[in-house]
Amino acid sequence: MATATSAPAPAGGPADPERRRRTWRRLPVVRQLRQSVGLQRGMLVAGLVLTGILVLAAVFAPLLAPYGYGQLRDAQGPFGAQLHPSGKHWLGTTVGGYDVFSRVVYGTRTALLVIVIAVLLSIVAGVLLGLVSGYFGGWLDRVLVVIADAIYAFPSLLLAIVMAIVISGGQSSLVGGILAAAIAVTVVFIPQYFRVVRAETVRIKAEAFVESARVIGASNWRIMTRHVLRNATRTLPLILTLNASEAILTLAGLGFLGVGIQPTAAAEWGFDLNRSVVDVTNGIWWTSVFPGVAIVLTVLGLTLVGESLNDLADPRLRSRRRAADEPPPPGAVEPGGVLIADAVEGVVA
Amino acid sequence: MSVMDRRSSVVDIRDLAVSFATDAGTVDAVEGVSLAVEAGEVLAIVGESGSGKTVTARSILKLLPETARTRGAILLTPREGGKPRDVVSVSGAELRDLRGQDAAMVFQEPSTALNPVYTVGWQIAEGLRAHGKVSRAQAREKAIDVLRRVGIPDPEHRVDHYPHQFSGGQKQRIVIAQALVLDPGVIIADEPTTALDVTVQAEILDLLRRCRDEFGTAIVLITHNMGVVADLADRVAVMYEGRIVEQAEVRTLFSAPQEEYTRQLLASVPRLGQGTAHARERAERRPEGWAESTPVVEARDLRIVYPGRLRKPDFVAVDGVSFAIRPGEVLGLVGESGSGKTTIGRAIAGLTRVTDGSLRVLGTEMNGVKERSFRPVRERIGFVFQDPATSFNPLLSITECVAEPLIVHGRAKDLAGARQRVDDLLESVQLPRSYGARYPHELSGGQRQRASLARALALFPELLIADEPTSALDVSVQAKVLELFDDLQKELGFAALFISHDLAVVDLLADRIAVLYRGRLVEEGTGAEVLGAPQHPYTRRLLASLPVPDPDEQARRRRQWEQLRSS
């Protein structure tokens, strides 16, 4: 590395325009996709496809679904209850007379809204609290940690039920129901983000670059936002995806227990499952299987993305292509290149 | 090398090439390396970090990560003679059989190489159990025996102790005992003394020498310290960028190096006494009345205590230390780990609280100082941290990092306003302007430490605290950074506290040297006084333990050290 130091000009170093061209490849998910190999890549791609289908279905629900989510009749009169899957009703109708396919498609909207609101709320609150708690420490830190532990100790679904009843009084409109579900999920998740960000902050606080900022004379607020926060949020995308799938399960659980959203206000898979419990014993399978499959695939997709991002973020878990048999083409490896040399040291250490 | 020599070699590496699969593509770490280690010989592999010396040595035991690809042949000959086996192509079972028995490893960091939840006796016996059936009593007896031979006092009793009950040097002895217990033909020692203090290093080097003389074990010594090489090695291989550039007997290499690179490497090793003339010349240039001027830093009976936890006693890091740094003066602070030298530096920068006594920094009393009242003083102090890899925010570019003090103290409103000054600063530390756009991980260690120096000097400080600024760097890079430091000090005239564990480095730069030992200041004076006629026994021991990069001179010093130790 002595040569690199004495070399006056960056020989063949990355120039600015090249860097700009590469930026899209450095986006969080895209970069990991390019990095992945083999089974890990398969998992990530499968997860991304499933999640992509969820998002597309939610956006284009009115185009995809033949009927509305609360529609009971069309021009020819009422649909009729518990109809077999047919050309008119692809996935049949429910005991209440709704079209199953339309409700499954519209259900993606509810699911996505709850995920986005819940995750956003819990990230903002959790990150802020974790940052302040970890950075300043002291009695504030102790109180917040105790509260977070207390919330952990509650069964999360029970807590969500209580929150949902407190917020909406048990009767739910679209906005009220979604907010109730989202906030119920938020309360459960804040401690997770709080914990992760607090732990990272405590670790980063002891790093030399934070001390160097203190020696320079930077204010606490500047150190927190500029030096600690950005370094503390690296693991968040991973928890985020995993929590998103948990949010779906909590929402479905709430709906199944009857504290979710009314069928006329929005389509919700958990509620539909609740209504199809009796059908199962009568041999009517289509009312329960399709909402159930929707839940499974959504959770599976998000979990696959989260898990594979988690593996890829850790150099020890990440699989790489083995070094090729033939020597690399000349010029492929920049001799004395700092980046590359560091990478080798990392591997050896 | 004749045919006869080849027959007696325990390790024979032929045309070794190792490449790694990384995110940035395939990287060749080692190429075309051929080496032979003879029985009872110490072969030192020297080179900078990234030169492939560790990879070469580790491949002898096939201790490389999964991403590595090895080509060539490494022939290991069992000690009792017999058919040599090629490590590169052996099966898993055979590899297990050969590890420990034919070749063993001594790691760099003894505190992580031992498992904290087992007794040291158990860990030594583990190797015995892995290579054949031994009864518990036999294993214990062997462990006690080997512990005695590596110089652990009272081995019958201490064999049942856990690693944390031993000191760092003793732990390294145990790791060596672990390697010796199976009586291997060759021991691979990967920087065995880098994590240890100089005085302990001398003891471990002595032990390794006994391994060769008494046990007849060959040693492959990986190190970047030329003093260690001069002390221990019989033959030296110099590696650079994955290749061997020179191989010679140790005396030949030091007296008549053939290659340009070896000559550069040897020239950049700091030697004791180099700085004496330099310091005298600086002292002569001082204006009249300088000795009476108000000191920039003045400590009187300074005491810093870290509170103990849970009924453990408090730890006294600094105990009754008094010293002063006058304007434009460089004070070198030397001591081993745990001597309190870093704590003093941190206290001056306001990172650690002063417990008792007085510490005046630029006119502010640090005992009981409030952060709010100290903040204006901060812009007059620069700080260079030990590890340049961690002292930069990894998400900010070098320009942003260097501009940070300018923005914080209102000298520039934003990045654009600071750019001109940042460019000037980068130029003054001899970094190309274009490097400002790079991120810290895209720079080498030496470049990062230059940038760190640029950041510390951004506000023209009156005082610079440098906490082991070169201990994470290679010798050749260290020499350049030290030279730069000296030039900048001459040009800008700041006072400096230069903290280091390396006497030779401090001697190069400092006007005066202060020696710390267990929190107390045992000796203070000019380089000529402290190094030429040390008063305190600890300073004398420290000086004698420091290996010098010259085999003959070092042999003489070693005899001195042995006398000092026995007396």
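The dialogue below takes these features in turn.

Mentor: Please keep in mind throughout that this is a predicted model.

Trainee: What span does helix H7 of chain A reach, and how many of its residues are buried?

Mentor: In general, an α-helix has 3.6 residues a turn, so residues three or four places apart point the same way. Here, H7 of chain A (residues 138–153) has 16 residues and reaches 23 Å from its first C-alpha to its last, close to the 22 Å expected at 1.5 Å a residue. H7(A) is hardly covered, for the count of buried residues in the helix is one.

Trainee: In what order do the six strands of the open sheet in chain B lie, and which stand at the edges?

Mentor: Strands of a sheet pair through backbone hydrogen bonds, either parallel or antiparallel. In chain B the order is E16-E17-E18-E13-E19-E20, with mixed pairing. Strands E16 (381–384) and E20 (520–526) of chain B stand at the edges, each with a single partner strand, so one side of each is left without a neighbour in the sheet. Neighbouring strands of this sheet are turned by 15° against each other on average, direction ignored. Within chain B, E13 (residues 330–334) and E19 (residues 512–517) run parallel and are joined by four bridges, and B:Gly332 stands opposite B:Ile513 in E19(B).

Trainee: Which residues touch the most other members of the largest nonpolar core?

Mentor: In soluble globular proteins, nonpolar side chains tend to be buried together. Of the 245 residues in this core, they are A:Val185, B:Val220 and B:Phe498. Its largest share, 16 residues, comes from helix H6 (residues 100–136) of chain A.

Conventions. Residues are numbered from 1 along each chain as its sequence is written. Chains are lettered from A and ligands numbered from 1 in the order in which they are written. This is a predicted model: local features need pLDDT of at least 70, side-chain atom pairs count only at pLDDT 80 or more; totals for chains, interfaces and linings use all residues. Helices (H or I, at least four residues) and strands (E, at least two) are DSSP runs, numbered from the N terminus. The expected span of a helix is 1.5 Å times one less than its number of residues. A residue is buried if 20 or more other C-beta atoms lie within 10 Å of its own, exposed if 12 or fewer, and partly exposed in between; C-beta atoms are placed from the backbone. Two strands pair if DSSP finds at least two bridges between them. Axes are lines fitted to C-alpha atoms, for helices over the stretch in contact, and angles run from 0 to 180 degrees between N-to-C directions. A nonpolar core is a set of buried Ala, Val, Leu, Ile, Met, Phe, Trp, Tyr and Cys residues joined through C-beta atoms within 7 Å.
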